[in-house]
Amino acid sequence: MSNSIRRRKIALIGAGQIGGTLALLCGQRNLGDVVLFDVVEGMPQGKALDLSHLAPVFGLDFKVTGTNNIADIAGADVCVVTSGLPRKPGMSRDDLVKTNAEIIKKVAAGIKEHAPGAFVIVITNPLDAMVHLMQKETGFPTSHVVGMAGVLDTARYQAFLAEELNVSVSSVSAFVLGGHGDDMVPVRSYTTCNGIPVGNLIKSERLDAIEKRVRGAGGEVVALLKTGSAFYSPAASAIQMVESYLFDQRRVLAAAASLKGEYGLKDLYIGVPVIIGKGGVEKVVEIELTESEKKALNESAGRVRELLAII
Ligand code: APR
């Protein structure tokens, strides 16, 4: 008699700061078995061994393995991609695009060959261009290739607003759209404190300052860390997307999705509200934007296209 019960498998492509944190969160939240893949020899194996020793402490029955062989991701249900280099001093944004594009191309070929049915979440920066490239290189349906940025940018907006209002973070509902760069678009018109528009609670100039901080929040972390970029919150944000897919939660999340005319944009990945369920990105949710929000989204799209032109 065949046994159709199968453990879920999550492949983490890139076992650096975010990859390691993702592995820990996958274990803690019982999402399935984890494969950590990286090109650095020994590092993913070391992290996996360390994590396997944490499992008995928390009573977690998850298997975690580290590898330098991409074939070990075979049959993964989900691939979360963080492989790439962070920007180094003296390196232009354009240099980073080219370097990471080469890495994404290699990784895409591996995913296409070994995990053709996977839901792929890209985190590598510059995000919108890298997720676009991943979809083109794998040829996977656009529903199955998505970028993680909006969940994090939205979480940062929520955190700053909750701090300002001195309320629970769970009382703040926010949306940040557009590209994952300094030109992202915090959508004030849909941001509320338990249904109360934030504009009714916080003065406009103060909201301007908070939104400016949201746009620069990634850089604020980099400036403090000095040796890398944010990793706890990007990992947590990707986990929310993984769970929405694996458990068919149909959460409405901001994510970099492929647009086919929605918001007047075509053949472009950019941050918009989407529904993620068992079919991957099942729907792009179109919301009415104010004129200035539309203008900001278009400007942000223009910058993503500039990056794509470099690749
Ligand atoms: N295949 C697999 N892994 C690779 C490859 C490759 N071809 N090239 C590089 N890597 C690995 C590196 O060896 C490194 O371990 O990608 C990992 C990236 O990890 P970190 O440098 O620690 O970066 P991290 O903080 O995890 O961020 C990863 O996400 O938020 C973005 O800007 C960030 O692009 C960066 C990415």
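Some conventions come at the outset. Residues are numbered from 1 along each chain as its sequence is written, and side-chain values use heavy atoms, with hydrogens and water left out. Because the model is predicted, local features need pLDDT of at least 70 and side-chain atom pairs count only at pLDDT 80 or more, whereas totals for chains, interfaces and linings use all residues.

I begin with the ligand. Surrounding it are 18 residues, and the closest are Gln 17, Ile 18, Asp 38, Thr 82 and Asn 125; a residue is near a molecule if one of its heavy atoms lies within 4 Å of it. Gln 17 places a backbone N or O atom 2.8 Å from an oxygen atom of the ligand. Ile 18 likewise has a backbone N or O atom 2.8 Å from an oxygen atom of the ligand. In Asn 125 it is the side chain that supplies an N or O atom, 2.9 Å from a ligand oxygen. On its own the ligand has 720 Å² of accessible area, and the protein covers 86% of that; such areas come from the Shrake-Rupley method with a 1.4 Å probe, and for residues only the protein chains shown count as cover. Helix H1 (17-28) and helix H3 (93-114) are the elements that give two or more residues to the shell around the ligand. Helices (H or I, at least four residues) and strands (E, at least two) are DSSP runs, numbered from the N terminus.

The peptide bond from Asn 125 to Pro 126 is cis, with omega near -5°. Pro 126 belongs to the loop between strand S5 (119-122) and helix H4 (127-138). Most peptide bonds are trans, and most residues other than glycine have a negative phi. Two residues here have a positive phi. For Asn 166 the value is near 55°, and this residue sits in the loop between H5 and strand S7 (172-173). Asn 166 is exposed, at 70% relative accessible area; exposed means over 50%, buried under 20%, and partly exposed in between (1.4 Å probe, protein chains only). For Asp 267, phi is near 50°. Asp 267 is in strand S13 (residues 266-277) and counts as partly exposed, at 48% relative accessibility.

Beyond its neighbours within four places in sequence, Thr 67 is in contact (heavy atoms within 4.5 Å) with residues including Val 35, Phe 37, Asp 38 and Pro 44.

Asn 69 lies in the loop between strand S3 (64-67) and strand S4 (78-81). Asn 69 is partly exposed, with a relative accessible area of 39%. A polar atom of the Asn 69 side chain lies 3.0 Å from the backbone nitrogen of Ala 71. Phe 37 is 32 residues from Asn 69 along the chain, and their C-alpha atoms are separated by 7.1 Å. Asp 77, also in the loop between S3 and S4, is buried at 16% relative accessible area. Leaving aside neighbours within four places in sequence, the contacts of Asp 77 include Arg 6, Arg 7, Arg 8, Lys 9 and Tyr 245.

H5 has 16 residues and reaches 22 Å from its first C-alpha to its last, close to the 22 Å expected at 1.5 Å a residue; the expected span is 1.5 Å times one less than the number of residues. Among its buried residues are Val 151, Leu 152, Tyr 157 and Phe 160.

Helix H6 (residues 204-215) has 12 residues and spans 16 Å between its first and last C-alpha, close to the 16 Å expected. Which residues of H6 are buried? They are Leu 207, Ile 210, Glu 211 and Val 214. These residues cover an arc of only 100° around the axis, which puts them on the same side of H6; the arc is that of the directions from the helix axis to the C-beta atoms. The face turned away from that buried side carries the exposed residues Glu 205 and Lys 212. The buried residues of H6 pack against helix H5 (150-165), strand S8 (176-177), strand S9 (185-186) and helix H7 (217-225).

Key. Polar contact = N/O pair within 3.5 Å; in protein donor to acceptor, adjacent residues only side chain to side chain.
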